[in-house]
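Biologist: I am new to this structure. Please show it, and then I will ask about the terms.

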Amino acid sequence: MIKRFTTLLLIFSSSVLWAQESVSPELKAVSITGGKTPSETAVTIGKQFLGYPYVSHTLDASPTEQLVVNLREFDCTTYLETVLALSLAWHDQIEKTNLASLDQSFRNYLTKLRYRDGRIEGYASRLHYFSDWLRDNERKGLLMDVTRELTGSISVAKPVSYMTTATYKYPRLTDPEIFKQVALAEASISQQSFYFIPTKNIRQAEAQLREGDIIMLTAARPGLDMKHVGLAVKHPDGRIHLLHASSDQAAVVITSYSLSEYVQGHKRLSGIRVARLRPTRDLATAAVETN
C-alpha cells in the first residue's frame with residue numbers, strides 16, 4: 001500500500017511539474033497583483049508591459065487561423081485583449097499561485113474575447129471591427145458599453161466598409177468565401193446605431209470615467225468605426241490618461257497628456273466609446289450561462 005501511494009504521489013508530482021513547465025516563461029514573468037475588480041487588476045497588469053514594443057500584424061503570421069499568445073510585443077488590440085484576458089483569468093482563480101490553471105484560463109478568455117461567440121472558425125470569426133468586438137463581448141456578459149450613460153454622448157449610425165474596400169491590407173480577403181463573410185459582418189455592423197462622445201464633449205465626460213475603463217477611439221474617416229483602443233488610467237493630476245500600445249511611440253505607454261487633449265491632437269479621431277468589465281460576481285454568472 002505504501003509503495004502504491006508513493007508511486008501515485010510521484011505521478012502526481014511529475015504531472016504538476018510538467019504542467020508548470022508547460023506554462024509560457026513570459027506568463028511566469030508577469031507578477032499579477034489583483035485589485036478589487038477586474039478593471040483595477042487590468043490597470044495593474046497593463047502597467048507591467050510599459051515599454052514593451054509595438055508590433056503590428058502579429059496575429060497574421062500563420063496561414064491558418066489559430067490562437068496567438070504573445071506577451072512580448074503588441075498592437076493596440078492585442079495589448080488590450082491580453083491584459084483583459086489575464087485580469088479575467090486571475091479573478092477566476094481560486095488558487096492564485098497555480099500558474100498552469102491560470103495559463104489555461106487566460107487562453108480561454110483570450111479566445112472568448114477575440115473571436116465571435118468565443119469560437120475559432122477561420123479568419124472571419126476574428127472580431128476585426130471594434131464595434132463587432134464590443135457587441136459580441138457584451139452579449140457574452142464580459143463587459144458593458146457604458147457610453148450612453150456618460151455626459152455628452154450622442155447616438156449616430158455609421159456604415160463600415162474599410163476592410164472590403166482596402167483588401168490590399170488584408171491578404172486573406174483574396175479568398176472569396178472569407179471576403180463574403182467579412183462583408184456580411186460589415187453589413188451587420190452598419191445597421192446598428194451606437195452612442196459615442198464627440199471630441200468636443202470628452203472633457204466634460206472625463207470625471208465619470210473609471211480606472212480600467214476600455215476606451216475606444218472612433219475614426220473620423222468614412223467606412224471605419226474605431227481606430228485605436230486603450231485603458232483609462234487616473235493621472236496624479238486627477239485627469240484621465242490613456243494606457244495603450246502606441247504606434248506613434250512604438251511602445252506601450254501612458255499618454256503624457258489627458259485623454260481629451262490626446263483625441264483633440266489627432267485629427268483622424270472623432271471621439272470615444274467607453275466599455276467597462278463587469279464586476280466579478282456578474283462574470284461568474286456569465287461564465288455559468290455561457291459554458
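Biologist: What makes the contact between the side chains of D117 and R119 a salt bridge?

Modeller: A salt bridge is a side-chain nitrogen of Lys or Arg within 4 Å of a carboxyl oxygen of Asp or Glu. For D117 and R119 the N to O value is 3.8 Å, so the pair meets that definition. This is a predicted model, where local features need pLDDT of at least 70 and side-chain atom pairs count only at 80 or more, while totals for chains, interfaces and linings use all residues. Residues are numbered from 1 along each chain as its sequence is written, and side-chain values use heavy atoms, leaving out hydrogens and water.

Biologist: Why is D117 called partly exposed?

Modeller: Buried means under 20% relative accessible area, exposed means over 50%, and partly exposed lies in between (1.4 Å probe, protein chains only). D117 has 36%, so it is partly exposed. R119, at 45%, also counts as partly exposed.

Biologist: How do you know whether R276 and D213 are buried or exposed?

Modeller: R276 has a relative accessible area of 8% and is therefore buried. D213 is buried as well, at 0%. These two residues form a salt bridge, with their closest N and O atoms 2.7 Å apart.

Biologist: Why are α3 and α4 called oblique to each other?

Modeller: Their axes cross at roughly 125 degrees. Angles under 35 degrees count as roughly parallel, over 145 as roughly antiparallel, 65 to 115 as roughly perpendicular and the rest as oblique. The two helices are therefore oblique.

Definitions and conventions
Axes fitted to C-alpha atoms, helices over the stretch in contact; angles between N-to-C directions. Helix = DSSP H or I, 4+ residues; strand = E, 2+ residues; numbered from the N terminus.
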